[in-house]
Every structure is written in structure tokens, then in C-alpha cells.
Amino acid sequence: MRSTAIRRTAVAAAAVSLALLAAGCGGSDSDSGSGGKGADAKGKESAAAKPAAKALTAAELEKVALTQGDVKGHKIGKAAAKDVVPVDGIKVEKEVCAPLAHALMGAEVGEPGAFTKRTVVSEPKKGSMDKGDADPEEAFKTAFDITTTQLALGSYDGKGAEESVTSLRTAATECAGGFDFTAAGEKQRVSKITEEQVKGGEEAVAWTVQLEQGGEKVQLKLVGLRQGPTFASFSSMNLAAMGGGGDFELPTAVVEAQAAKLA
């Protein structure tokens with residue numbers, strides 16, 4: 001693979017994955033047909049009685065973020081400073097596509113009151129390289145079937161978390177034909193966005209996002225999850241799927257575990 005942004009992204013993901021593995025990181029609508037001022041007034045009273053969402057504090061957010069031991073077969077650690085791309089380090093040609101680019105890079109979507117990041121790495125399947133008669137190519141793929149997920153958690157006042165989900169949906173629709181962006185000085189090209197099915201929290205969305213440069217293709221998985229005032233994005237890359245644009249599964253176990261901690 002040539003020395004492109006895609007290659008550097010893959011190498012960075014591999015380094016993070018191997019380092020973590022080696023370290024062993026630790027509303028009812030029943031009244032909708034009743035009509036009249038009574039129902040209207042009741043709706044207004046209900047809306048007035050419901051307090052506006054308040055963001056979790058930084059300390060509270062850390063408590064609900066995934067930690068080592070929360071997901072079986074995965075190593076979890078705080079994202080290193082070098083693996084955090086700030087929002088102002090991401091430049092997008094189309095503003096409507098910015099939320100998707102930010103989520104892909106594990107940066108903030110919108111303006112959270114508190115924000116934190118985790119790196120989650122799946123452990124490789126054991127025994128595949130021990131069989132002498134195993135197909136070398138298949139054995140290699142199995143041994144490197146490692147998915148690295150950048151988990152970004154943000155908590156928001158008001159409707160910020162809901163708006164984050166909405167902005168991702170809009171970006172995926174409006175930018176489905178592809179767009180260019182620059183992250184930490186490296187040019188990237190999203191060439192295809194395909195919707196996936198995912199469940200979790202009060203709202204959940206997911207896509208397969210194809211990055212392409214110089215004829216090389218890489219598939220990433222992107223999941224957005226909202227629970228109350230908190231929004232989580234999961235941007236995943238699989239080492240075995242690198243190079244040929246191979247596909248891999250959504251990080252379902254990671255999404256489910258984080259949803260459970262936020263519930």
C-alpha cells in the first residue's frame with residue numbers, strides 16, 4: 001500500500017490496537033384524538049413540567065464511559081492525546097458534511113458541555129496460527145481480525161444530543177455521494193456512505209463509510225447513539241479488512257455495553 005493518508009490511518013490504528021492489547025488495558029399519544037382546548041392545555045402543561053436536559057459534568061461522564069472489563073474480549077483505555085483530533089483540525093469542503101467527518105475522526109459533534117474519548121480494541125481469535133495445515137491467508141486474516149473503535153462521548157444541555165443525531169442523519173443523506181475533508185493536515189475522501197441497522201439507547205444510527213484515495217479503499221463503520229443528554233459516536237476500523245476495501249461487522253458488543261452504562 002502506498003504512503004497515503006489511508007495507509008497512515010491504518011498504521012496508526014494498528015499501533016494503537018497492538019499497544020492496548022500488549023498493555024492489557026486495564027410520551028403517550030392516547031389523547032391525540034380528543035381535541036379541544038383541554039388536551040391542548042394538558043400538552044402545554046406537560047411540556048412546561050418537563051425540565052430541560054442538563055449535560056453531565058466531566059466527572060459524571062467519566063463514570064458512564066466504558067472502562068476495562070465492560071466488554072468481554074476487548075481491551076479498553078483512554079484515548080491517548082496523539083489520537084485525539086480537535087474539531088479545529090478538521091476542515092470539510094461542505095459544511096453539512098462536517099458532523100460526519102467529526103464523528104469519523106472521533107471529535108466532538110456539536111458543542112457538548114463535557115467530552116471524553118476511549119479506544120476499544122477487540123482481541124484476536126486464538127489458535128488460528130497454531131494449526132500447521134491452516135490456509136496461510138485465512139490464518140493471517142483471522143489473526144488480524146482486530147477491530148479498533150474510537151469511542152467519543154459528549155453530554156449536552158437542552159437538545160444538543162438530539163441535534164447531534166439529527167446532524168449526522170442529515171450529513172449521511174446530503175453527503176451520500178461523497179465529499180473531501182482534511183484531518184490533522186491529511187486529505188481524506190469519503191466516496192460512499194451506506195446505511196446500516198443498529199439498536200441501542202433512545203436513538204441509534206449507523207453507516208458503512210468508504211474512504212478512498214489513490215485507488216485504495218478502506219471501509220469504516222460509524223455508529224451514533226443517544227441516551228438522554230449524552231451522545232456517543234463509534235468510529236471503527238478492522239485491520240484484516242484493510243487494503244482491499246473488505247467489509248467487517250459493526251462493533252455491536254461495544255455499542256450495547258455503552259448503551260447499558262448510559263441507561
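A residue is called exposed when its relative accessible area is over 50%, and buried when that value is under 20%. These terms are applied here to a predicted model.

The mean pLDDT of the protein is 83, with 76% of its residues reaching 70 or more. Over residues 24-37, however, the pLDDT is below 50, and this stretch has eleven contacts in the model beyond near neighbours in sequence. Residues 42-48 also have pLDDT under 50, and for them the model has one contact beyond four places in sequence.

Helix H6 covers residues 160-174. At 1.5 Å a residue, its 15 residues should span 21 Å, and the end C-alpha atoms are 21 Å apart, which agrees. The buried residues of H6 are Gly160, Ala161, Ser164, Val165, Ser167, Leu168, Ala171 and Ala172. Seen down the axis of H6, these buried residues fall within an arc of 160°, so they line one face of the helix. In general, an α-helix has 3.6 residues a turn, so residues three or four places apart point the same way. On the other side of H6 are the exposed residues Glu163, Thr173 and Glu174.

The phi of Ala184 is near 50°, a positive value in a residue other than glycine. Ala184 counts as exposed because its relative accessibility is 61%.

Definitions and conventions. Residues are numbered from 1 along each chain as its sequence is written. This is a predicted model: local features need pLDDT of at least 70, side-chain atom pairs count only at pLDDT 80 or more; totals for chains, interfaces and linings use all residues. Side-chain values use heavy atoms; hydrogens and water are left out. Helices (H or I, at least four residues) and strands (E, at least two) are DSSP runs, numbered from the N terminus. The expected span of a helix is 1.5 Å times one less than its number of residues. Buried means under 20% relative accessible area, exposed over 50%, partly exposed in between (1.4 Å probe, protein chains only). The arc is that of the directions from the helix axis to the C-beta atoms. pLDDT is the predictor's confidence in each residue, from 0 to 100. Contact means heavy atoms within 4.5 Å.
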